[in-house]
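Keep the model open beside the text as you read.

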Amino acid sequence: MEKKQLSQTNTSGLYATYSLGLFSGGQWDMMGIIIPLFSVFVGLNPSEIGFVVAARSALPVVFSIHGGILMDRLGVRFVGFWVGVAAAALPLFYPFSGWFWGLVVLQLLSGLITTLAMASGQTVINQLSKGDPAVLGQYSFVTRFGNFFGPFIIGLIWHNFGSEPTFITISLWGVLTVVSVLFIPSEARTKQGGRILCSELLPRRSEYTTALSLAAIPTVVFVLLLTAFRNCPGAIQASFFVVYLDQIGISGTTIGFLTGLSELFVGIGGLTAGWIAARGKVYWIVIVFVASAILLICLTPLIAGFMSVLIIATAVRGFAQGVNQPLIFSILSRAVNENQQGAAVGLRNTVNRFSNIVVPIGMGFMAEWWGIEESFTIIAVLFIGACLTVAAKIRHFGF
């Protein structure tokens, strides 16, 4: 039945969904490369860098659920268009905000906008895939080309031309996000005809309560926990991975290449997710690959002096992240009904972005107290230990 439904999906609309994921996700990773470098460039200390990096996840923690609810209520196309417009405009203000509080404010705004842009693509593909890991893996594979080329291009532009051309390029990716939204399939278009009233954009307590009640489902709890753990390597990559490599003399171009390489292998891992899921218990697969990705990025201080080893570890880490992402999407998509897909994505993004706050800030203070190399070790112990705890309690989730 699901295969038949998928075969009837408009092909051009599916390609537009891939494009939306490619450009919105690529823009997020572009900012993940540039903001730590720009923060070092303007002279911020490690704890300030941690706060600046974390700031882009603060508003998504509060409003990701509401954004998902709006997508369910008004349609992804309406919400996605306006957040895409904002995603194209905000990067242009960064070159004029080279101080701590200016960067914090911009990070607060752009973090919410970029998160909602990515959530638009995730919601559409969840609707179209019906939880099929193979289709979700294809989406992950295609979108990761943006995550590969985006950081590499941005690192190259930063290294050779400076901040203004860098942020203009990021803005252009926001424009491409808007263009992609215009072609997403009819299933995801605005469900209400006529004008949309301002009152319809405001949060509603009842809808928040309904969305939060999803966390009472054991399978959803598992997804939320593993989402928080899975996001740890990404939060490190967008903060002290970049800072550490910069400190030991690795160029912005090379850092951009490494980040892009990781994202390229995320796509390759995503493409194999369906095949791997068919050969084991999906919950155990997710735990193993999440823990592996955490270990590999936390090895950075030990292997950064050996570029070939660093490249291999980066690629393998990306592959592990690629396998676990569509499997997490699949578990979540099948745990809730079709009318709650946006809210479920919003709930997952809330946890995701909360992790993006805790990890950079925590590592920033650890780096100041004990040293940046030691902070990688502490994070590894904490998060791999958390994965092992979930593994020990997995029967409590009702699997």
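Start with helix H12 (residues 252-277) and helix H15 (residues 307-335), whose axes lie 5 Å apart and which pack at an angle of about 40°. H12 is therefore oblique to H15, since an angle counts as oblique when it falls in none of the parallel, antiparallel or perpendicular ranges, and roughly parallel would need an angle under 35 degrees. The crossing of H12 past H15 is right-handed. If you sort the residues of this H12 and H15 contact by class, you will find 17 nonpolar, nine polar and one charged.

Before going further, please keep in mind that this is a predicted model. The chain has 399 residues, and 60% of them count as buried. Among the contacts with a separation of 6 or more, 87% are between residues 24 or more positions apart.

Now turn to a second pair of helices. Helix H10 (residues 218-237) packs with helix H17 (residues 372-392) at an angle of about 160°, and their axes are 11 Å apart. H10 and H17 are therefore roughly antiparallel to each other, because the angle is over 145 degrees. H10 passes H17 in a left-handed crossing. On the H10 side, the contact is made by Phe222, Leu225, Leu226, Ala228, Phe229, Cys232 and Ile236. H17 contributes Phe376, Ile379, Phe383, Ala386, Cys387 and Val390. How many residues of each class make up this contact of H10 with H17? There are 13 nonpolar residues, no polar ones and no charged ones.

One of those H17 residues, Phe376, also leads us to tyrosine 244, which touches Phe376 along with Thr300, Pro301, Ala304, Ile372 and Glu373, leaving out residues up to four places away in sequence. Tyrosine 244 sits in helix H11 (residues 240-247). Its relative accessible area is 6%, so tyrosine 244 is buried, the cut-off being under 20%. Tyrosine 244 and glutamate 373 are 129 residues apart in sequence, yet their C-alpha atoms are 8.2 Å apart in space.

Glycine 137 is the next stop, and you will find it in helix H7 (residues 133-161). Is this glycine 137 buried or exposed? With a relative accessible area of 0%, glycine 137 is buried. Apart from residues up to four places away in sequence, glycine 137 touches Gly270, Leu271 and Pro326. This brings us back to the opening pair, as H12 covers residues 252-277 and H15 covers residues 307-335. Glycine 137 is also 129 residues from valine 266 in sequence, with a C-alpha to C-alpha distance of 9.8 Å.

Finally, look for serine 120 in helix H6 (residues 100-129). Serine 120 has a relative accessible area of 0%, so this residue is buried. Which residues does serine 120 contact, once its neighbours within four places in sequence are left aside? They are Leu20, Met71, Val76, Gly80 and Val83.

Terms used. Residues are numbered from 1 along each chain as its sequence is written. This is a predicted model: local features need pLDDT of at least 70, side-chain atom pairs count only at pLDDT 80 or more; totals for chains, interfaces and linings use all residues. Side-chain values use heavy atoms; hydrogens and water are left out. Buried means under 20% relative accessible area, exposed over 50%, partly exposed in between (1.4 Å probe, protein chains only). Contact means heavy atoms within 4.5 Å. Axes are lines fitted to C-alpha atoms, for helices over the stretch in contact, and angles run from 0 to 180 degrees between N-to-C directions. Helices (H or I, at least four residues) and strands (E, at least two) are DSSP runs, numbered from the N terminus. Angles under 35 degrees count as roughly parallel, over 145 as roughly antiparallel, 65 to 115 as roughly perpendicular and the rest as oblique. A crossing is left-handed if the near helix is turned anticlockwise from the far one by less than a right angle, and right-handed if clockwise. Ala, Val, Leu, Ile, Met, Phe, Trp, Tyr, Cys and Pro count as nonpolar, Asp, Glu, Lys and Arg as charged, and the others, Gly among them, as polar.
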